[in-house]
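Here's a quick briefing to read alongside the model. Have the viewer open and follow along by residue number.

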Amino acid sequence: MSLLSQIFPPSLAYTEKDVPELFGKARLCHYSVYLITGGYSGVGLEVCRVLYHRGGRVIIVGRSQESYETVVEDIMTNPGETADSEPGSLEFVKVDLADLANINPAIEKLLRRIERLDVVWYNAGVMFPPVGSKTKQGYELQWGTNVVAHFALHKLLTPILTSTAASSPAGTVRAIWVSSIAHTRSPKPYGINFDDINYTKTRSLFSWITYAQSKAGAVLLADEYAKRSVVDAALSEDGTKKNHVISISLNPGNLKTNLRRHSSRLSNILFHFILYPQRLGGITELYGGLAPETGVEEFNGGYVIPFGRKGEIATHVKKGLTEAGTGKKLWDLLEEEVKPYI
Ligand SMILES: NC(=O)c1ccc[n+]([C@@H]2O[C@H](COP(=O)([O-])OP(=O)(O)OC[C@H]3O[C@@H](n4cnc5c(N)ncnc54)[C@H](OP(=O)(O)O)[C@@H]3O)[C@@H](O)[C@H]2O)c1
């Protein structure tokens, strides 16, 4: 029933109009700052449109300056359904997530020019590339891009997220990990094939299994960071607890975007009938990042489903978290792997 309602969601309970004015949200005399990977297309583009028109300082992390430049005018001149307010600003940081080596230099430069980071969306993704596609460091392309690179980015952004949370209203600083309904098809028993995470030994004719695994990875990292963010918010000298970052994973919905660029023409024709406009995926991501009800303690580590509702992760992935400690296991593994690059 839950899967069906994610494929055919009910009408919207949250829209762009519910997004608050973002300028000076924390009553500081500058913009609130938002970062999103893959923000110049698909779902990410719709998130940026709303953030910009509600007054946020929006940082798009992506691999093509050219693609960014082709959408800037569209974002700035077309507010869509967003309520009127003073627009914010847009900027671009060039990072190819398929190469761990270029993340740190770009983010180091960015961190010199921002003083806070309110919400980050780990949104960029690649789906179903030809079997055998790899990142520069030899990771299976979907695993390397969707999970390993975002983990490295997260490690670099954690200090600024933590310090922003400490000086901001509770629940307003968040890390959003974009998963998919596909995580329900991730490998059994627990979602991650730790014995052969890049599927070099396991024969696979299609790349869907590594896509599904990568989306289970997003769920696990959101859950694990939810626990760690509470610990990161150390006690201050006077013994008061500081506010911490809220960590959430989500399925944005099945949408008409460029994500299916590697899929066959036939499958794209068939899927066309059950795909929704990309704007609705943007609403799901905005709900996770900005809605008051997802910024509460009970939602830390939670999962959002289309188009902006609380949902449940797949049973076997949940079992892995609670019975086999898969969140910590993945975190510790990635921490070792990205160490040389951060
Ligand atoms: N569309 C759906 O039905 C659906 C369903 C469930 C989950 N999702 C998830 O939603 C997220 C957004 O996808 P979308 O549907 O908006 O697809 P999209 O339009 O293809 O957007 C994906 C973004 O990721 C970027 N990206 C891919 N590889 C990258 C790399 N190596 N370095 C930097 N950026 C890279 C792409 O940049 P380029 O254009 O330069 O390649 C693009 O901006 C993904 O995580 C996806 O898995 C989508």
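Predicted model: local features only at pLDDT ≥ 70, side-chain atom pairs only at ≥ 80, totals over all residues.

Let's start with Phe128, which sits in the loop between strand 4 and helix 5 (141-166). Helices here are DSSP runs of H or I with at least four residues, strands are E runs of at least two, and both are numbered from the N terminus. Residues are numbered from 1 along each chain as its sequence is written, and side-chain values use heavy atoms, with hydrogens and water left out.

- Phe128 isn't a glycine, yet its phi is positive, near 55°.
- Phe128 counts as partly exposed, at 27% relative accessibility; the cut-offs are under 20% relative accessible area for buried, over 50% for exposed and partly exposed in between, with a 1.4 Å probe and protein chains only.
- Tyr199 is another non-glycine with a positive phi, about 50°.
- You'll find Tyr199 in the loop between strand 5 and helix 6, and at 15% relative accessibility Tyr199 counts as buried.
- Lys188 and Pro189 are joined by a cis peptide bond, with omega about 10°.
- Pro189 is placed in the loop between strand 5 and helix 6 (208-232).
- Pro306 and Phe307 are also linked by a cis peptide bond, and omega there is about -20°.
- Phe307 belongs to the loop between strand 7 and strand 8.

**Around Gly308**

- Gly308 lies in the loop between strand 7 (303-305) and strand 8 (309-311).
- Is Gly308 buried or exposed? Gly308 is buried, because its relative accessible area is 6%.
- Setting aside neighbours within four places in sequence, Gly308 touches Thr284 and Tyr287, where contact means heavy atoms within 4.5 Å.
- Leu250 is 58 residues from Gly308 along the chain, and their C-alpha atoms are 9.1 Å apart.

**How the strands pair up**

- Two strands count as paired if DSSP finds at least two bridges between them.
- Strand 1 (residues 33-37) runs parallel to strand 4, with 3 bridges; Leu35 is opposite Val120 of strand 4.
- Strand 4 also pairs in parallel with strand 5 (residues 174-178), through 4 bridges, and Tyr122 faces Trp177 of strand 5.
- Moving on, strand 5 and strand 6 are parallel and joined by 5 bridges, with Ala175 partnered by Ser247 in strand 6.
- Strand 6 then pairs with strand 7, again in the parallel sense, over 2 bridges; Leu250 stands opposite Val304 in strand 7.

**Which way the side chains go**

- Strand 4 (residues 119-122) is covered on both faces. Val119 and Trp121 are on one side, Val120 and Tyr122 are on the other, and all are buried.
- How many residues of strand 6 (residues 246-250) are buried? The count is 5 of its 5 residues.
- From strand 6, Ile246, Ile248 and Leu250 point one way while Ser247 and Ser249 point the other way, and all of these are buried.

**The chain as a whole**

- The protein chain has 10 helices and 8 strands.
- Along its principal axes, the C-alpha trace spans about 55 × 50 × 40 Å.
- Buried residues account for 57% of the 342 in the chain.
- Take the contacts between residues at least 6 apart in sequence: 77% of them join residues at least 24 apart.
- The accessible surface is about 15100 Å², and carbon and sulfur atoms hold 55% of it; the areas come from the Shrake-Rupley method with a 1.4 Å probe, and for residues only the protein chains shown count as cover.
- The mean positions of the 37 positive and 35 negative charges are 5 Å apart. Lys and Arg count as positive, Asp and Glu as negative, and His and the chain ends are not counted; each charge is placed at NZ of Lys, CZ of Arg, CG of Asp or CD of Glu.
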